[in-house]
Every structure is written in C-alpha cells, then in structure tokens.
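I opened this entry to keep track of what I looked up, one item at a time.

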Amino acid sequence: MIGELEEGLSGSASPQDAETLFQMIYLTFTAPRSDPAVFESFKAQLKAAVENRVKNPESVFSDTLRSTMQRDQPRFRAMTVDDIPRMDLEKSMAFYRDRFADAGDFTFVFVGNFDLEKLKPLVCRYLASLPSTGRKETWKDWRVPPPEGVVKRSVVKGAEPKSLEAIVFSGPFRTGMGNRLALRAAAQVLETRLRKVLREKLGETYDVSVQPYASKIPREEYRVMIDLGADPKRIDSLSKVIFKEIKKLKSSGPAEAEVADVRTAESRDYETNVRENGWWLAELVERYRLGEDPAAALKFPEALKLLTKDVVKQAVRTYFNTKRFVQVTLYPE
C-alpha cells in the first residue's frame, strides 16, 4: 500500500504459518515483481471502469463532492480516460522500489494468538535484515483546507427518479478521545432524530446517515457528512427539515434518554471490539500515528462516563456550523 502520507503493508496468517508471513514481508520489500501482461490487463479494466464511471450519476455526484471539498484542486480530481495511457510500468516500479528501499522508518505491529518467544527469531531473521538507508523523511500536506462559508452545487445526471444529497460540515479539531467521542455522539443523536422524522413521521422510504470523521494528520480537522436519498420532488424540502433538526439540537440539546442510548451503544460496541484482533491492531496503529499512549484504548469506559447532555449539545454547536458547509445535490435529467 502506498498512500498520500505513508506506505506500508498488512497481512495475516495462522500461528503455524507465521514464518511464511515473515517471508512474504521480506519479499515485499526486497523482490517486487512486475508483469507487463497483467499491467496492460489492469489498464484495460481501469479504462472500462472510468468510462462507466462518468456515465453513472452517483459516481459523478461523489466526484463533484470530492472536488468541491478540495476546491477543484487538480491533484484530487477524478481520473479520466486520457490519464490511463500515461501510466508507465517502469516508473511505477521505480517509485515502489524507492518507497520500500528503506525499512528503517517502518514500524511493525503484530496482534494475535502467538508465542512471543517463537516470534522473536523470525523478527531477527526477516525484519532485522531488511534494507535500510538511514534517510530522514516525512509527509507533505498537498491538500487545501475545505471551503469557507456555504458552498452549494447541483449535479443533473441520469433518468432514475431519485435524488441524492450530501451536506458536509468541516473545521478545525482538537484531537483527543473525549472530543472524538463527543463528535460521534452528536452525529449519532442527529442521525437517530432524522431517521425518525424523515422515515416515521414523513413516511419517506429512503435512508439518511450522519457520518463523522476526525483526523490529526496531516492536520487536525473534522468532517461530518449527512447523506440523504429521496424523491427529487421532496429533496429540497427534506433538506430544510435536516437544518431544522440541527437548529433544535443546538437550542435545546439532546434528551437524557438520547445520550443514554449513545452510551449504551458505545459501551456494547467496546465490549465486543476488545475481543477482536482487528480492533486491537487498528487501535495500536492509530495510537502510534497520533503519538498517543497505546494504553489509552483501555480508558474508553472512563471517557464514556463523561459524555453528558451538555457535552453533546456543545458538540452539536461546534461541529454543525451552519455558516460553513458544502451541499451537493443530485437531480435526474
């Protein structure tokens, strides 16, 4: 995996196949292989996918949202068919080899049912012998901040009698377990209310979701995206209902029962997650990225006790800033 800010790899194996896993890690660094036939096949598949994507209303809608959030920055525009012939296998391989030429700044995290004493010889043999150049490097933030103020865009595409809308709130964020929890709680309370109003009271059949996201790297910021699907004739009026519910939450805050429901759901999820290797792996990696104490993952129940009506009310006021959001709506032709 080579991403915007980092490169890495992931995998899994049974305890008895641990050495095979380590061998594959070693080969990933030292012996990448290219196959021109596979590369050309990939380009052909990608070309077909891109051609279909520009015909798909939902894809055009999501691409428009992405470019709007990035202020139409060219680096983050959607791929076009004209980009595909410029893909070069040798340049790609050279880039890959460069990224994995230095294992000195990699951190390996292992989680699972294994004997630590049996793992140590594999670490010494396969990881300690990986190439290292000693270079010092870090990521560069190429992104632009989300738009200021209120930005609205419309997409007219397709014939199906269905509209989509995305409303994205964004802004600066102070990283911390309590703030992340408050952000999630505010989103959950609003989502529950919207579902009741739009589906139960108004009889709408399409779903609505409220998805929060917070990051520290490359910068501390948050985003909350409200997704709505509805009849094109109702989409604008339902959008007004969303902002009306946000205004209510800002004014009166959530009911104690709503906050209790969030605490119950979060507690139940935590009790399930701590039994899963995947959750522990994700937590440890994320704590390392953020420079936080890995043991903080075990303090979640304590943080949950601090989640109150006032905390959620303040979170709604902070993270649903109706003077700064992006709104993109899809209408059929």
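I started with R180, which is buried, because its relative accessible area is 18% and the cut-off for buried is under 20%. The model is a predicted one. I placed R180 in helix α6.

Next I asked which residues R180 is in contact with, leaving aside neighbours within four places in sequence. I found F173, T175, R287, L290 and E292.

I also checked R180 against R234. The two are 54 residues apart along the chain, and their C-alpha atoms are separated by 33 Å.

**The chain overall**

I then stepped back to the chain. I noted 11 helices and five strands. The chain has 333 residues, of which 35% count as buried. Along its principal axes, I read a C-alpha trace of about 65 × 55 × 35 Å.

Taking contacts between residues at least 6 apart in sequence, I got 82% that join residues at least 24 apart.

**Nonpolar cores**

Which residues have the most contacts inside the largest nonpolar core? I listed F169, L190, V210, I226, L307, V312 and F320. This core has 45 residues.

Helix α6 gives the most, with 12 residues. That is also the helix that holds R180.

Not counting residues up to four places away in sequence, V312 touches A185, A186, V189, P254, V259 and L307.

I logged another core, which lies apart from the largest one and has 13 residues. Among them are F100, A103, F106 and L127.

**α7 against α11**

My last item was a helix pair. I took helix α7 (residues 235-252) and helix α11 (residues 309-319). Their axes come within 8 Å and cross at roughly 135°. That angle makes α7 oblique to α11. I noted the crossing of α7 and α11 as left-handed.

Which residues meet there? From α7 I wrote down I246, L249, K250, S251 and S252. From α11 I wrote down K313, V316 and R317. By class, I have three nonpolar, two polar and three charged residues in this contact.

Note on methods:
Residues numbered from 1 in each chain as written. Predicted model: local features only at pLDDT ≥ 70, side-chain atom pairs only at ≥ 80, totals over all residues. Heavy atoms only, no water. Axes fitted to C-alpha atoms, helices over the stretch in contact; angles between N-to-C directions. Helix = DSSP H or I, 4+ residues; strand = E, 2+ residues; numbered from the N terminus. Parallel < 35°, antiparallel > 145°, perpendicular 65-115°, else oblique. Left-handed = near helix turned anticlockwise from the far one by under 90°. Contact = heavy atoms within 4.5 Å. Nonpolar A, V, L, I, M, F, W, Y, C, P; charged D, E, K, R; others polar. Core = buried A, V, L, I, M, F, W, Y, C linked by side-chain atoms within 4.5 Å. Buried < 20%, exposed > 50% of the residue type's maximum accessible area, 1.4 Å probe, protein only.
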